[in-house]
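Me: I'd like a close look at a single part of this model. Please keep it brisk.

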Amino acid sequence: MNKPSIDETKLPKVMDIIDKAASLMEEKECGNDREAMQKLPELQKELADITGNPSIKITDFKRYWGYTSLEEISKKALMLPPVKENLTDAQIREIILNILSYDSESEMDYWIEYLTVNTGLPDLTDYIFYPDMKGLDGNTSLEEIADKIISELQSTYI
């Protein structure tokens with residue numbers, strides 16, 4: 001369980017690539033515009049090369065400004081996707097207890113994705129942000145949320 005890290009020296013370049021691509025996708029009809037059809041694959045390759053993530057998709061950043069900042073989405077792009085590990089209950093609990101205190105939105109998003117990959121719970125965010133949807137009180141503590149997630153995981157393996 002490693003903390004996600006990014007190479008801050010790459011951040012300006014990634015921000016530039018994402019900004020160019022998002023602007024291009026916003027201004028042009030990508031499926032019909034010759035410039036867009038030529039430039040987007042180039043930006044895609046550049047982004048994959050600089051992030052080291054061959055599965056990253058430039059089109060995922062089309063309207064990033066509707067939900068986050070250019071810096072945060074660029075930091076997220078620089079974080080390699082989480083991998084499946086064998087987490088202990090204590091590790092799951094630790095991540096959940098700290099989920100709202102991470103330094104940035106991109107880091108919090110990484111840990112949510114990490115937990116999703118490692119727990120197999122596709123609706124993990126509901127436990128954290130909408131506990132009432134999971135049978136918990138709306139004012140449930142993170143400790144109680146961790147207990148609920150761990151108990152549900154244990155019941156799926158019995």
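This is a predicted model: local features need pLDDT of at least 70, side-chain atom pairs count only at pLDDT 80 or more; totals for chains, interfaces and linings use all residues.

Which residues in helix 1 are buried?

Reply: Start with the helix itself. Helix 1 covers residues 11-27, 17 residues in total. From its first C-alpha to its last, helix 1 reaches 24 Å. That is close to the 24 Å expected at 1.5 Å a residue.

Now burial. The buried residues of helix 1 are Leu11, Val14, Ile17, Ile18, Ala21, Ala22, Leu24 and Met25. Each has under 20% relative accessible area. An α-helix has 3.6 residues a turn, so residues three or four places apart point the same way. Leu11, Val14, Ile18, Ala21 and Met25 are among the buried residues. What do the buried residues of helix 1 pack against? Their partners are helix 2 (34-51) and helix 3 (70-78).

Helix 3 leads on to the pockets. It is one of the elements that give two or more residues to the lining of the largest pocket; the other is helix 5 (105-119). The space in this pocket is about 280 Å³. Its lining has 17 residues, with Asn53, Lys76, Ala77, Met79 and Glu113 closest to the centre. By class, the lining of the largest pocket holds ten nonpolar, three polar and four charged residues.

The second largest pocket has a volume of about 190 Å³. It is lined by 13 residues. Nearest its centre lie Asn2, Pro4, Leu80, Pro81 and Tyr110. The lining of the second largest pocket divides into nine nonpolar, two polar and two charged residues.

How values were computed:
Residues are numbered from 1 along each chain as its sequence is written. Side-chain values use heavy atoms; hydrogens and water are left out. Helices (H or I, at least four residues) and strands (E, at least two) are DSSP runs, numbered from the N terminus. The expected span of a helix is 1.5 Å times one less than its number of residues. Buried means under 20% relative accessible area, exposed over 50%, partly exposed in between (1.4 Å probe, protein chains only). Contact means heavy atoms within 4.5 Å. On a 1 Å grid over the protein atoms alone, a cavity is a set of points where a 1.4 Å probe fits but cannot get out, and a pocket is an open set with protein on both sides within 12 Å along at least five of seven lines; lining residues have an atom within 4 Å of a point. Grid points are joined across faces, edges and corners, and a volume is the space filled by probe spheres set on the points. Ala, Val, Leu, Ile, Met, Phe, Trp, Tyr, Cys and Pro count as nonpolar, Asp, Glu, Lys and Arg as charged, and the others, Gly among them, as polar.
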